[in-house]
Amino acid sequence: MFPIHRPRRLRNSATLRRMVQENVLTTNDLIYPLFAIPGEGVAKEVRSMPGVYQLSVDKIVDEAKEVYDLGIPAIILFGIPETKDMEATGAWHHCGMIQQAATAVKEAVPELVVIADTCLCEYTSHGHCGYLEVGDLTGRVLNDPTLELLKKTAVSQAKAGADVIAPSGMMDGFVQAIRAALDEEGFEEIPILSYAAKYASAYYGPFRDAAESAPQFGDRRTYQMDPANSREAIKEIDLDVVEGADMLMVKPALAYMDVIWQVKQASNLPVAAYNVSGEYSMVKAAALNDWIDERRVVLETLTSFKRAGADLILTYHAKDAARWLQG
């Protein structure tokens, strides 16, 4: 009888579908981003990211406890300093926001993995990810002098208790420089999660509100990758692997699942996908207008990152996803 092959046979029941499911999303895959700001008792919702807040350190600790109780294994910290300067002092100072938050979280929830975003754009007065030539209004960051700031920042974050260092500035050689600095200070056990393929993406818009990190002039296209390129991503990840990266990240995720797949095939390191702010805000806006089923769309999207090859997913949906997965 025709047809002989009937794939629908394995879709007949929920139990059977679950038995043959190829990719499974769990809370262990999730990393929740948090934004630390000065003050006490402060929870300021980000205008363009409903449900996401800038939080004082005491509120960060409360969030960390909730995240851990939900079964989410890790957070990634971003800091918004009270003042900014040309030296990005808030990034590497021992009293910086990430440093304060990391120490407080590790004291309160020692089993939660704390990842420190290691970048400078939130801390520089011009909003770029490192040193600029005096008078430069193009945003062309001076690579090698910036590496010195990143080394100081990574070591400071490790001293504050960060479990993982995550450099995101896309400077050439930043993994090697940070690895050497960490090792020299006795932090050879601290892994590096490199933002290995970070694109100059329009999907970052809401994050700029959350981190208050929009460039004051120019753009970041001289250091972040061209969205048209994928082979270049493999070049970047190959360099980071040689330099000592322990994990690799692709950012953004939704429009770059082909890159996630290629990175996964090209490396045997764990691959993280950053489900970025613009991706989050589009889903939230549609859900608030009752245009989509938020739960189904979020879980489908996160599962698609797993299907593309992601081992870890940084997402602002993490808490909701954890509740849905448990329910």
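I looked up the largest pocket and found its lining made by P7, L10, R11, A14, R17, R18, V20, Q21, E22 and V24. For my search, on a 1 Å grid over the protein atoms alone, a pocket is an open set of points with protein on both sides within 12 Å along at least five of seven lines, a cavity is a set where a 1.4 Å probe fits but cannot get out, and lining residues have an atom within 4 Å of a point. The model is predicted, so I note that local features need pLDDT of at least 70, side-chain atom pairs count only at pLDDT 80 or more, and totals for chains, interfaces and linings use all residues. I number residues from 1 along each chain as its sequence is written, and side-chain values use heavy atoms, with hydrogens and water left out.

The largest pocket has a volume of about 330 Å³. I sorted its lining into five nonpolar, one polar and four charged residues.

Next, the surface. I found L10, M19 and V20 making a nonpolar patch of about 310 Å² (residues with over 30% relative accessible area and no salt bridge, nonpolar side chains joined within 5 Å; a salt bridge is a side-chain nitrogen of Lys or Arg within 4 Å of a carboxyl oxygen of Asp or Glu). I placed V20 in the loop between α1 (14-19) and β1 (30-36) (helices are DSSP runs of H or I with at least four residues, strands runs of E with at least two). V20 is partly exposed, at 41% relative accessible area (buried is under 20%, exposed over 50%, partly exposed in between, with a 1.4 Å probe and protein chains only).

How many cavities of 30 Å³ or more are there in the whole structure? My search returned one. The largest cavity holds about 90 Å³ of space. I counted 15 lining residues, with C121, K198, F207, R220 and K251 nearest its centre. Both β7 (193-198) and α7 (205-211) supply at least two residues of that lining.

Last, the backbone. Most residues other than glycine have a negative phi, and most peptide bonds are trans. I noted a cis peptide bond from K251 to P252, with omega near -5 degrees. P252 sits in the loop between β8 (247-251) and α9 (257-266).

I also saw that M170, not a glycine, has a positive phi of about 60 degrees. M170 is buried, at 6% relative accessibility. D290 has a positive phi of about 60 degrees too, and is not a glycine. D290 is exposed, at 71% relative accessibility.

How values were computed. Points joined across faces, edges and corners; volume = space filled by probe spheres on them. Patch = residues over 30% accessible without salt bridge, like charges linked within 9 Å, V, L, I, M, F, W, Y side chains within 5 Å. Areas by Shrake-Rupley, 256 points an atom, 1.4 Å probe, with all protein chains shown as cover. Nonpolar A, V, L, I, M, F, W, Y, C, P; charged D, E, K, R; others polar.
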